Amino acid sequence: MDFNMKKLASDAGIFFTRAVQFTEEKFGQAEKTELDAHFENLLARADSTKNWTERILRQTEVLLQPNPSARVEEFLYEKLDRKVPSRVTNGELLAQYMAEAASELGPNTPYGKTLMKVSEAEKRLGAAERDFIHTASLSFLTPLRNFLEGDWKTISKERRLLQNRRLDLDACKARLKKAKAAEAKATCEGDVSIPAPCAVLLPVRSPCPRAQVLRPAQGMPSGFCNWLTSMQSLWFVGMQALAWEAASCKR
């Protein structure tokens, strides 16, 4: 394997410089460039949005599929890009048992007739539940997953880059401050032959452009627009109500 030793050494040096700057900031031994207050508020809102999105997503998944083993199985199928097998709902399974019991005990007996009637109602309930789960997964959960797997990953990446740029800037500021102090000391002692270190004079980009990349966090993330519209129209709750209404027993 052909390694670029110069690049490796350069990357290691940058990493070490950032680590030293970060550690000194934590112990209050180095100055830290503060970001724009409005931008810091955007970052806090982005963190809050991410945390609540994860909680809403998890609890909705529990609502749609209470069985934790089934949820794990569905998660693995999604990660492997394979189609999740169709499942029989509890209502449909109960309807099947009741129909089989009525057939064995006698469909013409009072007990058998009652079982068949309830079986039909449970079958409709199970079918309505299946349709609701499918529709909710596509229209309600997909925007939440898109935010976590798309928008949030972009925000996290840009935040890391911004943090690295800020550490580089503050490290250069610290070296420049030390160089100026050494030069002033040497001047007072009569030795003016000490040149300013070239390393501290290297240009460092301001972290401000990176902050501009994260400005979209101020508004509604792109994947949330349709989801928010559905929430404002009480679509999710309405779908639940329609599912049970459609499955209600009809005389």
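Modeller: Gladly! Let's start with a helix pair in this predicted model: helix α4 (residues 90-105) and helix α5 (residues 110-188) pack at an angle of about 160°, with their axes 7 Å apart.

Biologist: Why is α4 called roughly antiparallel to α5?

Modeller: Angles over 145 degrees count as roughly antiparallel. The angle for α4 and α5 is about 160°, so α4 is roughly antiparallel to α5. As for handedness, α4 passes α5 in a left-handed crossing.

Biologist: Which residues make the contact between α4 and α5?

Modeller: From α4 come G91, E92, L94, A95, M98, A99, A101, A102 and L105. On the α5 side they are Y111, G112, L115, M116, V118, S119, E122, K123, G126, A127 and R130.

Biologist: How do you know that the side chains of E92 and R130 are joined by a polar contact?

Modeller: The cut-off for a pair of N or O atoms is within 3.5 Å. For the side chains of E92 and R130 the value is 2.6 Å, and the pair is a polar contact. The side chain of E92 also reaches the backbone nitrogen of T89, at 3.1 Å.

Biologist: Leaving aside neighbours within four places in sequence, what is E92 in contact with?

Modeller: With R87, E122, K123, G126, A127 and R130.

Biologist: Now for another pair. Why are α2 and α5 described as roughly antiparallel to each other?

Modeller: Try the cut-off of over 145 degrees again. The axes of helix α2 (residues 37-64) and α5 cross at roughly 150° and come within 10 Å. That angle is therefore on the roughly antiparallel side for α2 and α5. Their crossing is left-handed, and the residues of the contact of α2 with α5 divide into 17 nonpolar, four polar and six charged.

Biologist: And zooming out, how many helices and strands are there in the protein?

Modeller: Eight helices and zero strands, so from the N terminus on the elements run α-α-α-α-α-α-α-α. Of the 251 residues in the protein, 25% are buried.

Biologist: What share of the contacts with a separation of 6 or more comes from residues 24 or more positions apart?

Modeller: In this protein, 79% of them.

Note on methods. Residues numbered from 1 in each chain as written. Predicted model: local features only at pLDDT ≥ 70, side-chain atom pairs only at ≥ 80, totals over all residues. Heavy atoms only, no water. Axes fitted to C-alpha atoms, helices over the stretch in contact; angles between N-to-C directions. Helix = DSSP H or I, 4+ residues; strand = E, 2+ residues; numbered from the N terminus. Parallel < 35°, antiparallel > 145°, perpendicular 65-115°, else oblique. Left-handed = near helix turned anticlockwise from the far one by under 90°. Contact = heavy atoms within 4.5 Å. Polar contact = N/O pair within 3.5 Å; in protein donor to acceptor, adjacent residues only side chain to side chain. Buried < 20%, exposed > 50% of the residue type's maximum accessible area, 1.4 Å probe, protein only. Nonpolar A, V, L, I, M, F, W, Y, C, P; charged D, E, K, R; others polar.
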